[in-house]
Amino acid sequence: FPSHDIGTQNTLEYFENSGSISGGVDSLGAPITLYDGAYKTAWATFSWDGTNIVISGGQGIASIVRVGIGDYLITWAKNFRTNAYRLNSLLDTNASGHGGAITVGSRTSSNVRIFTYAENGSTSTLIDPRSIWIEAGQ
């Protein structure tokens, strides 16, 4: 294993194992984890074509399921460390340019459920938009 004397007569050792980098000190304290394999960022651009989810780009996505009109469950390929990751999103509602909104129904370290709406005046309606971009990261 590669090692480096950090000047305190303790040696930091690290090794890569199945996509994770772990490490520890040789004489003091418990082992530390430098990188646990969890995603820092996952993202996707997708749409509903009337029959199937169409993913036009992304990384770190295991699946996207349309639960119902405007209701999507996105499962990450690798869990985040906690469910307190950030979410960013953009929504292309329709050709008429109506405003839209995305709300989060539930969030775990392994998935997020979102709802997409078109807004027309004071009315919000669940819709399957022309496209959705979502990004999550820690």
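The side chains of D71 and R113 form a salt bridge, with an N to O distance of 2.5 Å. A salt bridge here is a side-chain nitrogen of Lys or Arg within 4 Å of a carboxyl oxygen of Asp or Glu. D71 belongs to strand β8 (residues 71-76) and R113 to strand β11 (residues 111-120), so the pair ties together parts 42 residues apart in sequence. Strands are DSSP runs (E, at least two residues), numbered from the N terminus. D71 is buried, at 8% relative accessible area. R113 is partly exposed, at 27%. Buried means under 20% relative accessible area, exposed over 50%, and partly exposed in between (1.4 Å probe, protein chains only).

The model is predicted: local features need pLDDT of at least 70, side-chain atom pairs count only at pLDDT 80 or more, and totals for chains, interfaces and linings use all residues. Residues are numbered from 1 along each chain as its sequence is written, and side-chain values use heavy atoms, with hydrogens and water left out.

The structure holds 4 salt bridges. Another of them joins R86 and E135 (2.9 Å, N to O). R86 lies in strand β9 (residues 86-92) and E135 in strand β13, so this contact ties together parts 49 residues apart in sequence. R86 is partly exposed, at 37% relative accessibility. E135 is buried, at 12%.

D128 and R66 also meet through their side chains in a salt bridge (2.8 Å, N to O). This pair links distant parts of the chain, 62 residues apart. D128 sits in the loop between β12 (123-126) and β13 (131-137), and R66 in strand β7 (residues 61-68). D128 is partly exposed, with a relative accessible area of 24%. R66 is partly exposed, at 26%.

Key: Helix = DSSP H or I, 4+ residues; strand = E, 2+ residues; numbered from the N terminus.
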